Amino acid sequence: MDFLGPDLPDAANQRGIPLTSRTQLLVALRYFATGSFQIVSGDLQGVSQPSASRIVKKVSRAIARHRGQIIRFPTGQDAVRNKVTFYELHGFPDVLGCIDGVHIPIQAPSVEEKEIYRCRKGFMSLNVQGIADAKLKFVNIVNRWPGSTHDSRIFNNSRISLQFEQGQFNGLLLGDKRYACRPFLMTPFRNPDGLAENAYNRSHKRTRSVVERMFGI
């Protein structure tokens, strides 16, 4: 809240009722957390739906301005601690993060090529790539690709992929079978053979589940 304060000065709604920075943040957090109607989120703080709509937009932009403080890929001692925590989960060594994509529904855009936003599940979306650390926190996000884009293509064209290729990070990412296996991106065996490969797949699946739980949260 402290770092958002300057971006959320006290204001008033159309009826002159004061809206403190704390009230604005609570209205937005309630909306983010529940996905409920804005009028419901606003009612809990005595705010009308139009005011709640403006507040959600204002708080969203304020948080986005500070994304560099909030979403950071682990380096140095943070990376070491992250690897240790990942290993303690299910015994997979040297993991920096787990990667996956999630489809965020959107309204059909008013562009000629709008069908590229239709995902494999049939609705319009953005395919958002996220990387989770061992404590279910976002450490990297790519949110500019239409829903029909394959997860692997998004990663291959991302800055984080280039940084791994250039050796800026010392460790591994874990991804599902939609990604290509690379020296720094480990995927499961498609047809595991023997105890070792099956043990690898179990550890991989359990460790990688953090990114699915992160999106769920």
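Me: How far apart are the end C-alpha atoms of helix 1, which has 14 residues?
Reply: Helix 1 covers residues 21-34; helices (H or I, at least four residues) and strands (E, at least two) are DSSP runs, numbered from the N terminus. The expected span of a helix is 1.5 Å times one less than its number of residues. For helix 1 this gives 20 Å, which agrees with the separation of its end C-alpha atoms in the model, 20 Å.

Me: What kind of model is this, and how are its residues numbered?
Reply: The model is predicted: local features need pLDDT of at least 70, side-chain atom pairs count only at pLDDT 80 or more, and totals for chains, interfaces and linings use all residues. Side-chain values use heavy atoms, with hydrogens and water left out, and residues are numbered along each chain as its sequence is written, from 1.

Me: What percentage of the residues in the protein is buried?
Reply: The protein contains 8 helices and 7 strands. Buried means under 20% relative accessible area, exposed over 50%, partly exposed in between (1.4 Å probe, protein chains only). Of the 217 residues, the buried share is 40%.

Me: In what order do the strands of the open sheet lie?
Reply: Two strands pair if DSSP finds at least two bridges between them. The open sheet consists of 5 strands with mixed pairing; strand 5 and strand 7 (185-186) are its edges, each pairing on one side only. Strand 3 runs parallel to strand 6 (residues 172-174), with 3 bridges, while strand 3 (residues 95-105) and strand 4 are antiparallel over 8 bridges. The order is 5-4-3-6-7.

Me: At about what angle to strand 3 does helix 8 run?
Reply: Axes are lines fitted to C-alpha atoms, for helices over the stretch in contact (heavy atoms within 4.5 Å), and angles run from 0 to 180 degrees between N-to-C directions. Helix 8 (residues 194-216) lies across strand 3, strand 4, strand 5, strand 6 and strand 7. Its angle to strand 3 is about 50°.

Me: With which side chain does the side chain of Ser-161 make a polar contact?
Reply: Ser-161 lies in helix 7 (residues 159-165) and counts as buried because its relative accessibility is 0%. A polar contact is a pair of N or O atoms within 3.5 Å; within protein, one must be able to donate a hydrogen and the other to accept it, and residues adjacent in sequence count only if both atoms are side-chain atoms. At 3.3 Å, the partner of Ser-161 is the side chain of Arg-182.
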